[in-house]
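Please keep the sequence and the model in view while reading.

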Amino acid sequence: MPAVLITGANGGIGQALCRVFLEADYKVIASDCSEARCPCDAFVRFDVMRVCQDEDYRAGVLQKVREVLGDQPLSALINNAAVQILGRTEQITASHWHRTLQTNLIGPFLLAQGLLQELERACGSVINIASVHARATKPGFVCYATSKAALVGLTQAMAVDLGGRVRVNAISPAATATPMLLAGFAGNEASLRQLAAMHPTGRIAEPEEVAHLALFLASGRAGSITGASLAIDGGIAVRLHDPE
């Protein structure tokens, strides 16, 4: 049975990732910084930001993951955990940058580095959940957009550096119908419809669509795909919004 480690597993996309990989007969090792709220075979609780800050903590996290894996190779690491700190240029602080980059960029690298041997044994892959903000953003997203653009850059650089040992790819979703996003539009369904209409597809993505793309990238059918950043954005990043 192949195994997958999914970070940020309690979120809307994280839970969909867990469900889809479980249905595909993966051993799902889920993680988040809070208690488990996701379907999984095993849950290892940890904070990705602390993984960056504390070497002993990081070593303990990696050891727990290895214990849960046992003799099974790690077929995929899905770096889904992220923080989104909003603020305009004049409002951003150094602590905002530290938290954002540690969680969204450095943590994913350190987890991939720390589990490289297990991934290599499985001829496995790393899948980084980036964002449409890596390509096209809006005011107030300076920290978040920069971190996701850097994550796409990291994906490309690691794919080249690791060659055929471990494939590394990214998925860049746009607005996705997670419980958190839908709750933000509660009582304002007209704005949600307006958001959907901005996408050439006429709708926003479902979390399961992101998860199924990750499942494909983790599979042997994607064996020639590495260093890619695949958009699942309904075409919004290529559409001009000129006045009519």
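Arg45 forms a salt bridge with Glu35, with the closest N and O atoms 2.5 Å apart, a salt bridge being a side-chain nitrogen of Lys or Arg within 4 Å of a carboxyl oxygen of Asp or Glu. This is a predicted model, in which local features need pLDDT of at least 70 and side-chain atom pairs count only at pLDDT 80 or more, while totals for chains, interfaces and linings use all residues. Residues are numbered from 1 along each chain as its sequence is written, and side-chain values use heavy atoms, with hydrogens and water left out.

**Salt bridges**

- Arg45 is partly exposed at a relative accessible area of 44%, whereas Glu35, at 52%, counts as exposed; buried means under 20% relative accessible area, exposed over 50%, and partly exposed in between (1.4 Å probe, protein chains only).
- A search of the whole structure finds 6 salt bridges, and one of them joins Arg19 to Glu208, whose closest N and O atoms are 2.6 Å apart.
- Because Arg19 lies in helix α1 and Glu208 in helix α9 (residues 207-218), this pair ties together parts that are 189 residues apart in sequence.
- Arg19 counts as partly exposed at 31% relative accessibility, and Glu208 counts as partly exposed at 29%.
- Glu118 forms a salt bridge with Arg66, the closest N and O atoms being 2.9 Å apart, and the two residues link distant parts of the chain, Glu118 in helix α5 (residues 116-121) and Arg66 in helix α3 (residues 55-69), 52 residues apart.

**Aromatic pairs**

- Rings of Phe, Tyr and Trp (its six-membered ring) pair if their centres lie within 6.5 Å, and planes under 30 degrees apart count as stacked, over 60 as edge-to-face and the rest as tilted; by this rule the count comes to 2 aromatic pairs.
- Phe21 and Tyr26 form an edge-to-face pair, at 4.9 Å centre to centre and with 75° between the planes, and both Phe21 and Tyr26 are buried.
- Phe141 and Tyr144 also form an edge-to-face pair, at 6.4 Å centre to centre and with 65° between the planes, and Phe141 and Tyr144 are both buried.

**The largest pocket**

- The largest pocket has a volume of about 1,600 Å³, a volume being the space filled by probe spheres set on grid points that are joined across faces, edges and corners.
- On a 1 Å grid over the protein atoms alone, a pocket is an open set of points where a 1.4 Å probe fits, with protein on both sides within 12 Å along at least five of seven lines, and lining residues have an atom within 4 Å of a point.
- The largest pocket is lined by 48 residues, of which Ile13, Gln84, Tyr144, Thr178 and Met180 lie nearest its centre.
- At least two residues of this lining come from each of α1 (12-23), α2 (48-53), α4 (94-114), α6 (142-162) and α7 (179-184).
- By class, the lining has 25 nonpolar, 17 polar and 6 charged residues, where Ala, Val, Leu, Ile, Met, Phe, Trp, Tyr, Cys and Pro count as nonpolar, Asp, Glu, Lys and Arg as charged, and the others, Gly among them, as polar.

Conventions
Helix = DSSP H or I, 4+ residues; strand = E, 2+ residues; numbered from the N terminus.
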